[in-house]
Amino acid sequence: MRKTDILDVVSRKLAPFMFLFGLYLVSHGDLSPGGGFQGGVVIASGVILLAMAKGSAAAAALLPVRKLAVTEAVAFGLILAVGLAGVLMGAGFLADVLYDGTLLPIVRTPFVFILNLLIGLKVGAGASLICLHLFAQE
Amino acid sequence: MGARAVEIAAVLAVAIFLVLALGGEHPTETPVRAYVVEHGEEQTGAANLVTSVYLGYRAFDTLGETIVLLLAVSGVVLFVEHRQ
């Protein structure tokens with residue numbers, strides 16, 4: 001596939017802002033449209049953009065496939081751990097035991113923030129993993 | 001000419017059906033929706049009511065959603081690695 005300089009330059013400038021926007025969507029999920037899943041997919045689309053412009057080898061050098069796989073598995077384990085923490089506190093699986101009616105500064109609602117962060121990590125790593133694997137086939 | 005006229009008529013019919021079927025107000029006012037609108041923010045702390053549902057009231061569904069993605073990734077990795 002033939003590439004132009006425009007794709008090369010624009011994608012390198014745009015990808016960091018896509019990562020930043022993905023992090024914004026993940027961290028502001030309780031206030032505005034967005035959340036872990038959507039933010040994670042935006043982060044993964046930044047990875048896809050890098051992979052299309054610079055080649056899948058360059059994208060895999062930035063985010064090694066092995067580390068993405070570990071990230072996804074660990075994030076899933078942590079989501080389960082957060083759920084089980086609710087059971088141990090006597091409130092039920094995945095129950096919010098941290099919110100008592102007061103909004104904290106910055107994170108506001110810790111339970112929603114933590115779960116959004118974990119889901120964002122997991123979805124971002126998972127979607128990037130699928131795309132890097134498929135790009136590596138070419 | 002005839003075939004093109006039939007195509008345009010079909011597209012117009014679908015468009016009119018969609019406008020009539022989907023346009024206007026959503027008539028569904030369920031007790032659950034009223035409850036979430038009233039108590040969602042105070043009970044979960046999330047100003048975004050969508051978030052208050054998917055992480056507050058129905059976090060178990062969200063867990064299932066992440067399992068689906070985990071299985072999808074596992075399947076892709078399995079098939080791609082086996083082709084090599």
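Visitor: How many aromatic pairs does the structure hold over all chains?
Guide: This is a predicted model, where local features need pLDDT of at least 70, side-chain atom pairs count only at pLDDT 80 or more, and totals for chains, interfaces and linings use all residues; side-chain values use heavy atoms, without hydrogens and water. Residues are numbered from 1 along each chain as its sequence is written, chains are lettered from A and ligands numbered from 1 in the order in which they are written. Rings of Phe, Tyr and Trp (its six-membered ring) pair if their centres lie within 6.5 Å. Over all chains, the number of aromatic pairs is 3.

Visitor: Phe21(A) and Tyr24(A) make a pair: stacked or edge-to-face?
Guide: Planes under 30 degrees apart count as stacked, over 60 as edge-to-face and the rest as tilted. The ring centres of Phe21(A) and Tyr24(A) are 6.2 Å apart and their planes stand at 20°, so the pair is stacked.

Visitor: In which helix of chain A do Phe21(A) and Tyr24(A) lie?
Guide: Helices here are DSSP runs (H or I, at least four residues), numbered from the N terminus. Phe21(A) and Tyr24(A) are 3 residues apart, about one turn of the helix. Both belong to residues 5-27 of chain A, that is, helix 1.

Visitor: Is Phe21(A) buried or partly exposed, and what is its relative accessibility?
Guide: Buried means under 20% relative accessible area, exposed over 50%, and partly exposed in between (1.4 Å probe, protein chains only). Tyr24(A) is partly exposed at 38%. Phe21(A) also counts as partly exposed, at 44%.

Visitor: Which residues are linked with Asp8(A) in a network of salt bridges?
Guide: Asp8(A) is partly exposed at 21%, and Lys54(A) is partly exposed at 39%. The network links Asp8(A) with Arg12(A) and Lys54(A).

Visitor: Glu72(A) and Lys122(A) meet in a salt bridge. Is Lys122(A) buried or exposed, and at what relative accessibility?
Guide: The side chains of Glu72(A) and Lys122(A) meet at 2.9 Å, N to O. They link helix 4 and helix 5 of chain A, 50 residues apart. Glu72(A) is buried, with a relative accessible area of 2%. Lys122(A) is buried too, at 0%.

Visitor: How many salt bridges are there between chain A and chain B?
Guide: The whole structure has 6 salt bridges over all chains. One of them joins Asp61(B) and Arg58(B), at 2.9 Å. Between chain A and chain B, the count is 0.

Visitor: What area is buried between chain A and chain B?
Guide: Buried area is the accessible area (1.4 Å probe) that two parts lose on being put together, summed over both. Phe76(A), His133(A) and Gln137(A) lose the most area in chain A, together 22% of what that side buries. Carbon and sulfur atoms give 71% of the total, which is about 2,400 Å².

Visitor: Which helix gives the largest share of the side of chain A that touches chain B?
Guide: Contact means heavy atoms within 4.5 Å, and it takes 32 residues from chain A and 27 residues from chain B. Helix 2 (36-54), helix 4 (65-88) and helix 5 (110-136) each give two or more residues to the side of chain A. The largest share, 12 residues, comes from helix 5.

Key:
Salt bridge = Lys/Arg side-chain N within 4 Å of Asp/Glu carboxyl O.
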